[in-house]
Amino acid sequence: MESAKEKNEQGLPPAIAAKLKCLIYGGEIQPGERLNEAALALRMGTSRGPIREAIRMLTGQGLVTAVPNRGVFVREISVREMLEIYELRALIFGFAAERACDHLDEPHRAQLEELLDQMDAACEAGKGTAYYELNLGFHTLILELSGNQRAHQAYDDHVKALHLFRRSFFNSPGNMRRSNAEHRAIYEAIAKGEAKRARALAERHVLSGRERLLARLERPA
């Protein structure tokens with residue numbers, strides 16, 4: 001039979017994964033750093049089981065990478081890789097926005113409008129983490145509306161690789177506002193059935209995000 005402690009720990013992995021994600025996004029755990037299960041268990045006040053499961057969750061999200069016989073490390077990519085991935089994201093997101101014009105219905109319209117309003121609220125409150133998660137939701141919904149599962153999967157894979165670059169970008173209220181203004185323009189084009197315009201705006205949105213992020217990375221510390 002399970003002990004009371006084991007039962008209590010069953011619901012811990014999602015909460016621990018969220019805490020680890022905050023530590024990674026905040027820079028307390030750096031790209032390339034190895035995740036030490038024993039140290040994390042001590043820090044979180046739990047056994048290693050929930051820590052191990054939380055790390056599996058982060059692996060699935062693309063934030064950490066398991067290296068055989070070495071351990072699990074916070075994912076790191078070069079600036080060159082980041083720029084190349086942005087180019088691919090732009091192509092896929094543009095395709096998805098164009099295809100979304102054929103599949104937009106009232107329930108999805110309501111969902112997109114709600115996401116846009118929530119992102120505006122996150123901008124005003126200066127809540128970068130909330131905005132980032134809502135932003136992912138907006139892009140995911142557009143990909144779903146494309147009706148192409150392979151495109152959706154490929155886009156998700158590219159997004160996972162960029163989490164560590166992109167997350168800090170959304171700590172700036174100005175960047176959040178510009179990003180959501182672009183979201184609204186994309187949505188309006190989709191809602192009007194302007195497929196070519198939706199595609200162009202979606203591609204430009206991703207590439208504009210790349211340029212803003214690159215400018216941030218090149219700014220002197």
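The legends below describe close-up views of a predicted model.

**Figure 1. Overall fold of the predicted chain.**
The chain comprises ten helices and two strands. In sequence order, these elements follow the pattern α-α-α-α-β-β-α-α-α-α-α-α. Of the 221 residues in the chain, 43% are buried. Contacts with a separation of 6 or more come to 75% from residues 24 or more positions apart. The accessible surface of the chain amounts to about 11,700 Å², and carbon and sulfur atoms contribute 51% of this area.

**Figure 2**
Strand S1 spans residues 64-67 and strand S2 spans residues 71-74. The two strands pair in the antiparallel sense, with four bridges between them. Within this pairing, Ala66 has Val72 of S2 as its bridge partner. Three residues separate S1 from S2 in the hairpin. In the turn, Asn69 adopts a positive phi of about 65°.

Thr65 is a residue of strand S1. In a regular strand, side chains alternate between the two faces of the sheet. Thr65 counts as partly exposed because its relative accessibility is 36%, a value in the range between the 20% limit for buried residues and the 50% limit for exposed ones. Leaving aside residues up to four places away in sequence, Thr65 touches Gly71, Val72, Phe73 and Arg75. Val72, one of these contacts, is also the bridge partner of Ala66. Ile55 lies ten residues from Thr65 in sequence, and the C-alpha to C-alpha distance between Ile55 and Thr65 is 9.4 Å.

**Figure 2. The second largest pocket and its lining.**
A probe the size of a water molecule, rolled over the atoms, shows where empty space is left. The second largest pocket holds about 200 Å³ of space. Its lining is made up of 17 residues. The elements that give two or more residues to this lining are helix H2 (12-25), helix H7 (128-146) and helix H8 (149-166).

**Figure 3. Centre and composition of the second largest pocket.**
Leu136, Asp156, Val159, Lys160 and His163 are the lining residues that lie nearest the centre of the second largest pocket. By class, the lining of this pocket contains six nonpolar, five polar and six charged residues.

Definitions and conventions:
Residues are numbered from 1 along each chain as its sequence is written. This is a predicted model: local features need pLDDT of at least 70, side-chain atom pairs count only at pLDDT 80 or more; totals for chains, interfaces and linings use all residues. Side-chain values use heavy atoms; hydrogens and water are left out. On a 1 Å grid over the protein atoms alone, a cavity is a set of points where a 1.4 Å probe fits but cannot get out, and a pocket is an open set with protein on both sides within 12 Å along at least five of seven lines; lining residues have an atom within 4 Å of a point. Grid points are joined across faces, edges and corners, and a volume is the space filled by probe spheres set on the points. Ala, Val, Leu, Ile, Met, Phe, Trp, Tyr, Cys and Pro count as nonpolar, Asp, Glu, Lys and Arg as charged, and the others, Gly among them, as polar. Buried means under 20% relative accessible area, exposed over 50%, partly exposed in between (1.4 Å probe, protein chains only). Contact means heavy atoms within 4.5 Å. Accessible areas come from the Shrake-Rupley method with a 1.4 Å probe; for residues, only the protein chains shown count as cover. Two strands pair if DSSP finds at least two bridges between them.
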